[in-house]
Amino acid sequence: MKVLANDGIATSGIIALENAGFEVDLSTVAQEQLIDYINKNKIAVILVRSATKVRKDIIDACPTLKIIGRGGVGMDNIDVEYARGKGLHVINTPAASSHSVAELVFAHLFGMVRFLHDSNRHMPLEGDSKFKDLKKAYAKGVELKGKTLGVFGFGRIGQATAKIALGIGMKVIAYDPYIERANLELEFFDGQTVFFKIDTISRNEVLKQSDFITLHVPAQDKYVISDKEFEMMKDGASIVNAARGGVIDEVALVKALESGKISNAALDVFENEPSPEIQLLMNPNISLTPHIGAATSEAQLRIGSELADQIIEILG
Ligand SMILES: NC(=O)c1ccc[n+]([C@@H]2O[C@H](COP(=O)([O-])OP(=O)(O)OC[C@H]3O[C@@H](n4cnc5c(N)ncnc54)[C@H](O)[C@@H]3O)[C@@H](O)[C@H]2O)c1
């Protein structure tokens, strides 16, 4: 049986599938040629990340398809309910990248509190001529230890982020309308574990009490953080969005940064991907990454294996 991994798949997945007798096709077929390609090659499984879209047209026109697989979490690029209604299996790998996203949040947080995002822009240009000025400009760093991290959305990634925060001595508070309490298990290198209970609190309290806010909610119909929410935050707080573009109102964010209401922001996701607004890209107080939350070798290996296991389970 043929598996088309149109947006790629890690070697772990290829090996597992081939060992189970599947043929893995690593072609990247253009969106408009997908229907022809799937039919001509009798593809049974199409695997995508976020680039390829699997909409009603493909689902209706490709009778050989049995599984649509998404390497990652969000399935906004797949007509999931429609496909399931037509008897197709739709699978994803919700847990595989949680820790990688959480570490990216901390890469941004550690960077922001010592101005690395700005220092890395200026040192190459002025590091030799204005060393002392730059040293002064970046002299007012703060530690994360002892500060309060507010987590919006206390699911897989929110909890993974909370664990790192606890490990470095931060206070963690969280808001999630569907989760009352989480019992986090922190695992250490030698097998020791520590359990840590966190009761979620109200949205307003998280907004008011946090020194740093990190967003881990699913894609939403309306902004989770806009003018009103920025207004409620502590003066000089910072915010990270590694969830989805459209969770933060980017216009309100720029306003809050310019007025000094919040001091820094970090964005891995944008309303207009892949062409984020220039006002965001040029803002010296925003730490930027191009949607790389899940882009680690470890996450990709786990994604590959988890997809392969599910495919083998369903069709093997
Ligand atoms: N940056 C990246 O590359 C990257 C990678 C993977 C996932 N993500 C994104 O991260 C987000 C979280 O993923 P996850 O695996 O933790 O999902 P999850 O489903 O495990 O957790 C999401 C949590 O948000 C809660 N929630 C829903 N609406 C809320 C709201 N308005 N306010 C507060 N909480 C709310 C839910 O109850 C749930 O507990 C998703 O948007 C996902 O697409 C980003």
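Predicted model: local features only at pLDDT ≥ 70, side-chain atom pairs only at ≥ 80, totals over all residues.
Helix α8 is followed by G169, whose phi is positive, near 85°.

**Helix α8**

Helix α8 comprises the twelve residues 156-167. At 1.5 Å a residue it should span 16 Å, and the 17 Å between its end C-alpha atoms agrees with that. Its buried residues are I157, G158, A160, T161, A162, I164, A165 and L166. In an α-helix there are 3.6 residues a turn, so residues three or four places apart point the same way.

**Ligand site**

The ligand is surrounded by 24 residues. The closest are R156, I157, D176, V217 and D268. Of these, I157 also belongs to the buried set of α8.

| Residue | Protein atom | Distance to a ligand oxygen atom |
|---|---|---|
| D176 | N or O atom, side chain | 2.6 Å |
| R244 | polar atom, side chain | 3.4 Å |
| A294 | polar atom, backbone | 3.4 Å |

On its own the ligand has 870 Å² of accessible area, and the protein covers 86% of this.

**Strand β12**

Strand β12 is formed by residues 262-267. Five of these six residues are buried, so the strand is largely enclosed by the rest of the structure. Strand β11 (residues 237-241) runs parallel to β12 and is joined to it by five bridges. In one of the pairs, A237 has I262 of β12 as its bridge partner.

**Residue D268**

D268 is found in the loop between β12 and α12 (278-281). Is D268 buried or exposed? Its relative accessible area is 1%, under the 20% cut-off, so D268 counts as buried. Leaving aside residues up to four places away in sequence, D268 touches L104, N241, A242, E273, T289, P290, H291, I292 and G293. With T289 there is also a polar contact of 2.7 Å between the two side chains. L125 is 143 residues from D268 along the chain, and the C-alpha atoms of the two are separated by 25 Å. D268 is also one of the residues listed as closest to the ligand.

Definitions and conventions:
Residues numbered from 1 in each chain as written. Heavy atoms only, no water. Helix = DSSP H or I, 4+ residues; strand = E, 2+ residues; numbered from the N terminus. Expected span 1.5 Å × (residues − 1). Buried < 20%, exposed > 50% of the residue type's maximum accessible area, 1.4 Å probe, protein only. Near = heavy atom within 4 Å. Polar contact = N/O pair within 3.5 Å; in protein donor to acceptor, adjacent residues only side chain to side chain. Areas by Shrake-Rupley, 256 points an atom, 1.4 Å probe, with all protein chains shown as cover. Pairing = 2+ DSSP bridges. Contact = heavy atoms within 4.5 Å.
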